[in-house]
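This report describes selected side-chain and helix-packing features of a protein model. The sequence and structure are shown first.

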Amino acid sequence: MPELRDYQRSAIDKIRNYFAKGKKNVLLVAPTGSGKTVIASSMIDQALSKGKSCLFVAHRRELVMQCSRKLADFRVNHGVLMANKSETEEAKAQVASVQTFTARKDRDDFVKPQADLVILDEAHRSVSNSFQELINEYPNAYVVGLTATPCRSDGRGLGNIYDELVEAASIQELIDQGYLVPNRILAPTVPDLKGIKIVAGDYEKRSLDKKMNTPKLVGDIVTHWQLHGENRPTVVFASSINHSQQIARMFNNFGIAAGHIDGVMPELEREQQLNDLDTGKIKVLCNCQVLTEGWDQPKVSCVIIARPTRSYVMYLQMVGRSLRPAPNKKDTLIIDHSGSVYQHGFPEDTPAWILTEDKIDLVPKEEQPIDKQPFTCIKCDTVYKPTKDNPECPNCAFVPTKKETELLIKEGRLVELKKEKTEPTAIEKQIFYSQLKHYGKSKGFKPGWADWTFKEKYGHFPHTKKIGLKPPTEEVKNFIKHLLIKKAKRREKYVRATTGIQDPQNEGSD
């Protein structure tokens, strides 16, 4: 039987105290990876020992089965109310899919489970019609909602449903205790999202996909992972199914085994992709709106955010996927191509949650002090919290100048300063080299041409020779044209100096 952690026991005690005071609906807030299902299973086990009946409800198959497995660890006899599952009606503990419950509740042959205690997983969805209908079926039951983020996707609180809020532990507390791993954030690119409409509190999906699903941005995701990803098991969050498929295809084109998963795939195909990531058959798994909830794979130590979101709930769900500890896992790497870290802050800087019906303001309007601002190092793209006494980058030890520090306080990212003050990054050189190789191959040049042309621009040969081909931009074509003209002029000068001929093109003419 699993042993509860101190904060898990404390959370259960607080919930019981509220129940004893007549508060029947309590919201439990605990970060992804803190063991919410363990807390729920322990509460169910204790309630059953007192002769009570219990119902655990989730909105996805994976969450239902996760709770079923955890109850089995607690040796709790239970039934599963879900399509394609055999029922155990006599069990006093039931785990139900809310969709199945809703579909069957009005049928004459449906035996509604008894429940003195109802536990709702992913309780930020409690305002949905299906959850509300289920709660109304049990007017006398005690209700516990489980969530990492006690607000809806539009930012409004859940105070109209729950009476009290219990916070088990914060992300930072769990990192300090070793129950979650620290994170490192890189923000190499930030998309321009101007003009994209806001629908239901988040970016309009079709416009967002059009903005993010471009060859350049998809290519940037892959090349930055090659440079920074350290070959870690990785999950990518994309803006659409097509976007996810394109990213997976690009990874595979670069020789990196990658898969894709989405909500419309057959269950067996989804399970196969997840298993391939678990066994190492693929290194990268791309998805759209599938792995944000109800999925647990501790070995994943890199998350790529390729889906901008205004929803703090969505942001924490994405980054939380890789915070669980695993053998030989020291930290997790978050590569943010969405700008989310600048909008929502660092994962561990969660607010002091409150229970309210109003919108929870998760993005501070006032300018934050320097130690609260996300700042991207202009040398290595690492996002960190500098201080006035110690502005040094923890990754490369770069120290901003006084002028850079002043801009840092004002702007945070220093995008324009980066363009003006820094040498080309390794990733920029890598992209340039891949375009040279593509151009040289299309023209039938010798294999070494790309290497020497690269050296002509940067003063050294490329460090990485194994790289995919990328069609050259007009800028690269113009550079090649410039070199050819420069070479022709050098040859002309040499011919004049050695032969006395003024125009080598007219040699032999009268």
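## Surroundings of Cys67

Cys67 touches Thr37, Ser41, Phe56 and Val95, leaving aside residues up to four places away in sequence; contact means heavy atoms within 4.5 Å. Cys67 is part of helix α3, where helices are DSSP runs (H or I, at least four residues) numbered from the N terminus. With a relative accessibility of 0%, Cys67 counts as buried, a term for under 20% relative accessible area with a 1.4 Å probe and protein chains only. Its C-alpha atom is separated by 8.4 Å from that of Ala40, 27 residues apart along the chain.

The model is predicted: local features need pLDDT of at least 70, side-chain atom pairs count only at pLDDT 80 or more, and totals for chains, interfaces and linings use all residues. Residues are numbered from 1 along each chain as its sequence is written, and side-chain values use heavy atoms, with hydrogens and water left out.

## Packing of α2 and α3

Helix α2 (residues 36–49) packs against helix α3 (residues 61–73) at an angle of about 55 degrees, and their axes are 9 Å apart. Axes are lines fitted to C-alpha atoms over the stretch in contact, and angles run from 0 to 180 degrees between N-to-C directions. The two helices, α2 and α3, are therefore oblique to each other, the class left after roughly parallel (under 35 degrees), roughly antiparallel (over 145) and roughly perpendicular (65 to 115).

On the α2 side the contact is made by Thr37, Val38, Ser41 and Ile44, and on the α3 side by Gln66, Cys67, Lys70 and Leu71.

## Aromatic pairs

The whole structure holds 16 aromatic pairs, defined by ring centres within 6.5 Å, with planes under 30 degrees apart counted as stacked, over 60 as edge-to-face and the rest as tilted; for Trp the six-membered ring is used. Trp225 and Phe251 form an edge-to-face pair, 5.7 Å centre to centre with 85 degrees between the planes. Trp225 lies in helix α8 (residues 215–228) and Phe251 in helix α9 (residues 241–253), so this pair ties together parts that are 26 residues apart in sequence. Trp225 is buried at a relative accessible area of 4%, and Phe251 is buried at 0%.

Phe432 and Tyr458 are also paired edge-to-face, at 5.6 Å centre to centre and 85 degrees between the planes. Both Phe432 and Tyr458 are buried. Ring pairs join Phe432, Tyr433, Phe454, Tyr458 and Phe479 into a cluster.

Conventions: Buried means under 20% relative accessible area, exposed over 50%, partly exposed in between (1.4 Å probe, protein chains only).
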